[in-house]
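Here's a quick tour for anyone meeting this structure for the first time. Have a look at it, then read on.

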Amino acid sequence: MNNTKRINNIIEALGKHEDTVESVRVLEEIGTNSSIDEVREMTAQALIRKNCPESLKVVIATEGKGINDLSARVAMSAINELLSLEDKTEAIKILEDTMENAEKQEIKDTARSVKTLITYSVQ
Amino acid sequence: MDKLSIGKFNFGVIKQLSGTKKSEAQNTTSAQSNPFGINFKGNVYAADVFESSKAQSAANNNILNKASEKAKMFTSSIVGGINSFNNSLKSRFNSIISFGKQVKDNIAQSWENAKNTNIEFDFKGLKNYISSKFDYSYSVSNLQKKPVAQLEEMLLNELSA
């Protein structure tokens, strides 16, 4: 088993872990701050699949992470993962909170456009 | 009532009958003028299609001779064919028998070789190889059971490697 596969499995295991608070903390601290695009991409996907308020806040409302990542590939894959969620109610709630309460205008705009995408995809 | 008289008799019918007789006579004369002519749907074929009886008998004899010759050739070819088939069959049987003998010899030889060779299984190496290929300690289901602190450490190790 190669290194990338092992990293992918650890991130996936953290995404499915029962200890939500601790696993989200590890993913946020190590995964989303990694210098490797692939690791950030995998981490964002794992956090979105977790589909809980703590994990969704990291990828939606935090600057430079998830849908706000500087890498277009990471941001697009995070948006795609949000669109493919079966239950989008929690994600929409976080997006609306971010649109209202985010400090930076860029983050608000990104959240608004992603929310528009989700509403169009639902219809 | 009028009396019948020869003078009043209508000769028109007699004239018509005589006219048809004349046309028939003309046809017969035309056929007589061309004795070998065949009237087929109004077309007359003037070609002489008949041959003399002598020539016909000679032709019949020739046909009979040819037929007998052909029959002889046919029978000889059958006999020849049977002979060649027998020869080919024999040669094929011989080749099959030789092939069978060769296979038997080969099997016996390979069995002797198998008896004389030592087969050793390197179970330790095999186990290492399988465990390297299928590292179950890094499967998602196994990793999920571990505490988050351990997973954090493993992730850091893998990222620094």
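This is a predicted model: local features need pLDDT of at least 70, side-chain atom pairs count only at pLDDT 80 or more; totals for chains, interfaces and linings use all residues.

Residues are numbered from 1 along each chain as its sequence is written, while chains are lettered from A and ligands numbered from 1 in the order in which they are written.

**The nonpolar core**

- The largest nonpolar core has 36 residues. Such a core is a set of buried Ala, Val, Leu, Ile, Met, Phe, Trp, Tyr and Cys residues joined through C-beta atoms within 7 Å. Buried means that 20 or more other C-beta atoms lie within 10 Å of the residue's own, with exposed at 12 or fewer, partly exposed in between, and C-beta atoms placed from the backbone.
- Residues with the most contacts inside the core are A:Ile10, A:Leu14, A:Leu47, A:Val59, A:Ile60, A:Ala78 and B:Leu151.
- Helix 3 (37-50) of chain A gives the most to this core, with 6 residues. Helix 5 of chain B also supplies at least two residues.
- Leaving aside neighbours within four places in sequence, A:Ala78 is in contact with A:Ala44, A:Ile48, A:Val59, A:Gly66, A:Ile67 and A:Asp69. In contact means C-beta atoms, placed from the backbone, within 7 Å.

**Helix pairs in chain A**

- Helices here are DSSP runs (H or I, at least four residues), as are strands (E, at least two), numbered from the N terminus. Axes are lines fitted to C-alpha atoms, for helices over the stretch in contact, and angles run from 0 to 180 degrees between N-to-C directions.
- Helix 2 (residues 20-31) and helix 4 (residues 53-61) of chain A have axes that come within 9 Å and cross at roughly 15 degrees. Helix 2 and helix 4 of chain A are therefore roughly parallel (under 35 degrees; over 145 is roughly antiparallel, 65 to 115 roughly perpendicular and the rest oblique).
- The contact uses A:Thr20, A:Val21, A:Val24 and A:Glu28 from helix 2 of chain A, and A:Glu54, A:Ser55 and A:Val58 from helix 4 of chain A.
- Helix 4 and helix 6 of chain A pack at about 50 degrees with axes 10 Å apart, which makes helix 4 of chain A oblique to helix 6 of chain A.
- Among the residues making that contact are A:Leu56 and A:Ile60 of helix 4 of chain A and A:Ile94 and A:Leu95 of helix 6 of chain A.
- Helix 6 and helix 7 of chain A have axes that come within 8 Å and cross at roughly 145 degrees. Their contact includes A:Leu95 and A:Met99 of helix 6 of chain A and A:Ala111 and A:Ile118 of helix 7 of chain A.

- Chain B has 5 helices and 2 strands, running α-β-β-α-α-α-α from the N terminus on.
- Of the 161 residues in chain B, 3% are buried.
- 15 residues of chain B are in contact with 17 residues of chain A. Helix 5 (148-160) of chain B gives the most to the side of chain B that touches chain A, with 8 residues.
- That side of chain B divides into 10 nonpolar, 2 polar and 3 charged residues (Ala, Val, Leu, Ile, Met, Phe, Trp, Tyr, Cys and Pro count as nonpolar, Asp, Glu, Lys and Arg as charged, and the others, Gly among them, as polar).

Key:
Two residues are in contact if their C-beta atoms, placed from the backbone, lie within 7 Å.
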